[in-house]
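Subject: The structure for you to look at

Hi there,

Here is the structure I promised to pass on. Please have it open while you read, and my notes follow below.

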Amino acid sequence: VPALEAGKVLFFPQLRFELTPDETRLLRADVRDEKSRNISLRNDGVLAGAAVQGEEQARLTAMIGRFRAQACALIDAIAPAYKPALRLAPTSFRPTQVESRVQSWRADDRRLHVDAFPSRPNRGERILRVFTNLNPNGEPRVWRVGEAFEDIARRFVPRAKPYVAWQAKALKMLHVTKSLRTEYDHLMLQLHDGMKSDVDYQRNSPQVTMPFPPGSTWVCYSDQASHAVMSGQFMMEQTLHLPAEAQVDPTASPLAILERQLRRKLT
């Protein structure tokens, strides 16, 4: 837990998510609707983003649901203290080849970044994620993992545009954001965009390349661990949200780090 809360990526090289023979046949790109980026299982059990129907859709729903249960059990085992405060987000299956995606620089996850979402302010709530590589052809899911969040903040916070409260209120009134964007949310977006737009930083900042092989699982706080997804196909992902104050060490959260650096409250 201290390593996880310090922004490290926990790697489980032999923690495989087992598929049935019928589920293995779902490992193909055409199971995804071309209009959707990923296939996701909502908390109410509804499957979104899938192109398959009937029996195949039922098998896909069951497969993602089983992964959800096992991912949640893994987090409960790693950090049992989190369990009362965790909030479940949709579970995704990502069958697309990473290298083939065409995206803007801001949406391009092949650039180092920390996760922050323009329309979904979270007031410091953590983004905890479980990933597993299902690739049937031996292809790894290749990440780059960057420097510590505290170093990212020191580098990019001084470059950030100032937070403007009336603009945040206008975005909420116009339903551009689902809730009021706090100064914390504003700064996290500035870090996300600042990292992705800085070509020199992408090339020359401290980083390691990590190939996650098929049959492996990894866990991180994606709002804290600097990461970029360079290649791979067929991955499962579970997101869980945790209030920063529910961490074992709340002072390790991005919210606490940013507030210490700026010496003021951000939410």
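To what area does the accessible surface of the protein come, and what percentage of it belongs to carbon and sulfur atoms? The accessible surface is about 12,800 Å², and 54% of that belongs to carbon and sulfur atoms. Accessible areas here come from the Shrake-Rupley method with a 1.4 Å probe, and for residues only the protein chains shown count as cover.

Before the details, a word on the basis: this is a predicted model, in which local features need pLDDT of at least 70 and side-chain atom pairs count only at pLDDT 80 or more, while totals for chains, interfaces and linings use all residues. Residues are numbered from 1 along each chain as its sequence is written, and side-chain values use heavy atoms, with hydrogens and water left out.

**The overall picture**

The protein has 8 helices and 10 strands; these are DSSP runs numbered from the N terminus (helices: H or I, at least four residues; strands: E, at least two). Its radius of gyration is 19 Å, close to the 18 Å that the globule rule gives for 267 residues, so the protein is as compact as a globular protein of that length. That radius is taken over C-alpha atoms, and the rule is 2.2 Å times the number of residues to the power 0.38. Along the principal axes, the C-alpha trace spans about 55 × 40 × 40 Å.

Of the 267 residues, 49% count as buried (buried is under 20% relative accessible area, exposed over 50%, partly exposed in between, with a 1.4 Å probe and protein chains only). Taking contacts (heavy atoms within 4.5 Å) between residues at least 6 apart in sequence, 83% join residues at least 24 apart.

In helix 4 (residues 149-156), the residues F149, I152, A153 and F156 are buried. Seen down the helix axis, the buried residues of helix 4 fall within an arc of 100°, so they line one face of the helix; the arc is that of the directions from the helix axis to the C-beta atoms. The buried residues of helix 4 pack against helix 6 (183-197), helix 7 (199-204) and helix 8 (254-262).

M195 sits in helix 6 and counts as buried, at 0% relative accessibility.

Helix 8 has P254, L255, A256, I257, L258 and E259 buried, and what covers them includes strand 5, helix 4 and helix 6.

Helix 8 is followed by R263, which has a positive phi of about 60° although it is not a glycine. R263 counts as exposed, at 77% relative accessibility. R123 also has a positive phi, near 55°; R123 is found in the loop between strand 4 (87-94) and strand 5 (126-133) and is partly exposed, with a relative accessible area of 46%.

Finally, N137 lies in the loop between strand 5 and strand 6 (141-146) and is exposed, at 57% relative accessible area.
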